Amino acid sequence: MIFYYSGTGNTQWAAGLLAKRLGERLLFIPDELKGDMHYTLASGEMVGFCFPVHGWQPPHIVRKFIGSMQLHTADGLPLDSHYTYTLVTCGDSVGRTTSILRKLLAGKGLDLRGHYDIVMPESYVCLPFMYTDTPQRERQKKEQAAKDMEHIIGSIRQQAVCPEPRHPGALPGIYSYVIGAYFNKFMITDKPFRVDEDRCIGCGRCAGACSTGNISMEKGHTPQFMHSGACTCCLSCYHHCPVHAINYGRITRKRGQYYFGRSGEPDSGSTPAAPEKKN
């Protein structure tokens, strides 16, 4: 059983590949939050959590799901007898993301034994020093990620103990517990998003790309952000806009755009795990 969240598609690709190769059930967290969130693990079934790093921490939508989910075992064994792992994606480093996740899962009776991470093309561009990768760097990251996934799949299949992520970065504690804490408390909001009405063509791709349903799109009108608190600031709406009509304040107006599979390129023979609205 694999629970995943993805904004611009990097994690969707990784989680889809894991599910395909390991024969696991793949469950999209935003969809699961709409249900009763009670799950029963079959005998020997593994539990995986896949998501992108947001400000060197787990996204708040993932935290919300873990806090609400209820897991049970069909064989009567304790939950910590089932191999539990995480695969997180990042543009550069993960900080202490998996350490934070370990504590969250421990509260649910799960023992996080596999900590895996892969570097993928950068998609967060809402800070002055953050930009999308060059096409060459994007290609290099994808090629390396495909190689890394082969090792990760083999390790998970063997239920290996992998206590630390590969890319914690410099000063991981500072980034996760200081910078990341500020980021996740004050910068995860849809309030700065703006729609350039002169550019917008009313295609609705932004609403379709929003995994949390936070954008309303009425025929003949520009998209409206709902300010419901559901926004994860994943920027999928910004990156999917074909005319660059959506921006986060003034910062992204001259920044690049990225989402996985935008050129339709096949990556490692994988197929999308979900329709575009879950990218």
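Predicted model: local features only at pLDDT ≥ 70, side-chain atom pairs only at ≥ 80, totals over all residues.

Modeller: Residues are numbered from 1 along each chain as its sequence is written, and side-chain values use heavy atoms, with hydrogens and water left out.

Biologist: What makes the radius of gyration of the chain agree with that of a compact globule?

Modeller: The radius is taken over C-alpha atoms, and the globule rule is 2.2 Å times the number of residues to the power 0.38. For 279 residues a compact globule would have a radius near 19 Å, and the chain has 18 Å, so the two agree. Along the principal axes, the C-alpha atoms fill a box of roughly 60 × 40 × 40 Å.

Biologist: How many helices and strands does the chain have?

Modeller: There are 8 helices and 11 strands, where helices (H or I, at least four residues) and strands (E, at least two) are DSSP runs, numbered from the N terminus. Of the contacts in the chain with a separation of 6 or more, 78% are between residues 24 or more positions apart, contact meaning heavy atoms within 4.5 Å.

Biologist: Why is K141 called buried?

Modeller: Buried means under 20% relative accessible area, exposed over 50%, and partly exposed in between, with a 1.4 Å probe and protein chains only. K141, whose place is in helix α5, has 6% relative accessibility and therefore counts as buried. Leaving out residues up to four places away in sequence, K141 touches G91, V119, M120, P121, E122 and D133. In the chain as a whole, buried residues make up 53% of the 279.

Biologist: And what makes Q159 partly exposed, and L171 exposed?

Modeller: Q159 has a relative accessible area of 36%, so it is partly exposed, whereas L171, at 56%, counts as exposed. Q159 lies in the loop between α5 and α6 (172–186), and L171 lies in the loop between α5 and α6 as well. Most residues other than glycine have a negative phi. Phi of Q159, however, is positive, near 55°, and that of L171 is also positive, near 50°.

Biologist: How do you know that β4 and β6 are paired?

Modeller: Two strands pair if DSSP finds at least two bridges between them. Strand β4 (residues 47–52) is joined to β6 by 6 bridges, and the two run parallel; G48 has Y85 as its bridge partner in β6, and C50 has L87.

Biologist: Which strands are the edge strands of the open sheet?

Modeller: The sheet has 5 strands in the order β2-β1-β4-β6-β7, with parallel pairing. Its edge strands are β2 (26–28) and β7, each of which pairs on one side only.

Biologist: What makes β6 mostly covered?

Modeller: In β6 (residues 84–90), 7 of the 7 residues are buried. In a regular strand the side chains alternate between the two faces of the sheet. Here T84, T86, V88 and C90 point one way and Y85, L87 and T89 the other, and all are buried.

Biologist: Why is the unit of β6, α4 and β7 called right-handed?

Modeller: A crossover is right-handed if, with the strands pointing away from the viewer, the path from the first strand over the helix to the second runs clockwise. The β-α-β unit made by β6, helix α4 (residues 97–106) and β7 is right-handed.

Biologist: Finally, what makes the largest nonpolar core a core?

Modeller: A nonpolar core is a set of buried Ala, Val, Leu, Ile, Met, Phe, Trp, Tyr and Cys residues joined through side-chain atoms within 4.5 Å. The largest has 28 residues, and those with the most contacts inside it are F3, Y39, F49, F65, I66 and M69. Its largest share, 4 residues, comes from α3. Beyond its neighbours within four places in sequence, M69 is in contact with F3, M37, Y39, F49 and K108. Another core, of 26 residues, lies apart from it, and includes Y116, I118, M149 and Y258.
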